[in-house]
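User: I'd like to learn how to read charged pairs and strands in a protein model. Can you walk me through it?

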Amino acid sequence: MYDVVVVGARCAGAPTAMLLARQGRRVLLLDRSAFPANKLSTLYIQQPGIARLARWGLLDALRATGCPPLDHVVYELGDVRVEGCCSGIDGIRAAYAPRRSILDPLLAGAAVDAGAEFRDDCRVTGLLWEDDRVVGVRTDRGDERAALVVGADGMRSTVAGLTGAPTTTSHPPLTCAYYAFWDGPKTHFEMYEGDTGWVSAVPTNDGAVLIAAYYPQQRFDEVRHDARAAYLDNVRTNAPRLYEQMERGRQIGGVHGTGDQQNFFRRAHGPGWALVGDAGHHKDSLTARGISDAFMQADLLAESVGEHLADRTRLDAALAGYDREREQRLMENYQATLLVAQAEARDKRRALLRAVGSSPELTTRYFDAVAGIVPLRELYTPELMALMSAPTAP
């Protein structure tokens, strides 16, 4: 009998297991993949996520992998270019973008070090129920009982499906994306937006750069038929200087992508169960908030339920409180991500970037908002709104 079974051992599940184990709870952490295993990801961890790694005592281990600090950001939209960095949080100004084959085992290892039991290559096939309450999991290695089952198993969550967790907010997919790693380009964290799509460049471990090309969702059927040609054309068109570096460099591995970038919130709690990370909330990866948001939810769930696992009534109330607070913290950026991923709002984004680029103070505040250090609403001051509405020079 465990206090908690966590299903999914990546950026949401492993920290959840670690934090609960550090509270002295008996935790079982499961993942269907055999570790280490790569995963399609932007890799980028915004500064609030890095600050959590520091508080958890894991930042030095991440730095020791050779992952480069990213303390300069470039956003270019047509003739408008904004570059700089955020002001930081808890003394952290740099972001990092580790390979998932490095980050995920680091997090799972931290959970084990805290006392959690970890089983990889273990598939959940069902849930155990008593009187409409989840009391454990059924796996391909046998049944395990627990006071709480946490689904941290991604956008297509098995736990969410088995509990019937309803979708409370949803919007159709807005972009599709293809990624490849490159050796040779020298970049900061960079985002380019053009008339036909978006391009991002993210330095990661071993001198490699993850370069991603995003397209409007309606182009997915067209793009998927020759993904590499479409990928290269997107970069050539929307980030030509980056493309020149790619021509002088070398692609590492293949081109990988997805047209399934869902946008939703699910109800993230019920009797004996909870959802964290992409299992309960997913949004387009253009704003690269997934990992930092997963860390936040892990922190919030562990703080909410840790002392109430032995009392079902108090546990259920704590889970409901976690769900409300989670949605409140995530909704603003969810709505902003929907706007960023809409080509129709490009002129508004151009006006915003032109305005924030007019002063170092506004630039820093903009990157603070993008990173999630301050609420987005604090960016839109009367000064900024005036600059956005001012006519541009001919």
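**Salt bridges and a strand**

Analyst: Let's start with a pair: Arg63 and Asp60 form a salt bridge, their closest N and O atoms lying 3.6 Å apart. This is a predicted model, where local features need pLDDT of at least 70, side-chain atom pairs count only at pLDDT 80 or more, and totals for chains, interfaces and linings use all residues. Residues are numbered from 1 along each chain as its sequence is written, and side-chain values use heavy atoms, leaving out hydrogens and water.

User: What counts as a salt bridge?

Analyst: Side chains of opposite charge can pair when their charged atoms come close. The cut-off is a side-chain nitrogen of Lys or Arg within 4 Å of a carboxyl oxygen of Asp or Glu. The structure holds 27 of them.

User: Which residue forms a salt bridge with Glu76?

Analyst: That's Arg241, with the closest N and O atoms 2.8 Å apart. This pair links distant parts of the chain, 165 residues apart: Glu76 is in strand β3 (residues 73-77) and Arg241 in helix α8 (residues 240-248). Helices (H or I, at least four residues) and strands (E, at least two) are DSSP runs, numbered from the N terminus. Glu76, Arg81, Glu83 and Arg241 are linked in a salt-bridge network.

User: Is Glu76 buried or exposed?

Analyst: Buried means under 20% relative accessible area, exposed over 50%, and partly exposed in between (1.4 Å probe, protein chains only). Glu76 has 13%, so it counts as buried. By contrast, Asp60 is exposed at 58%.
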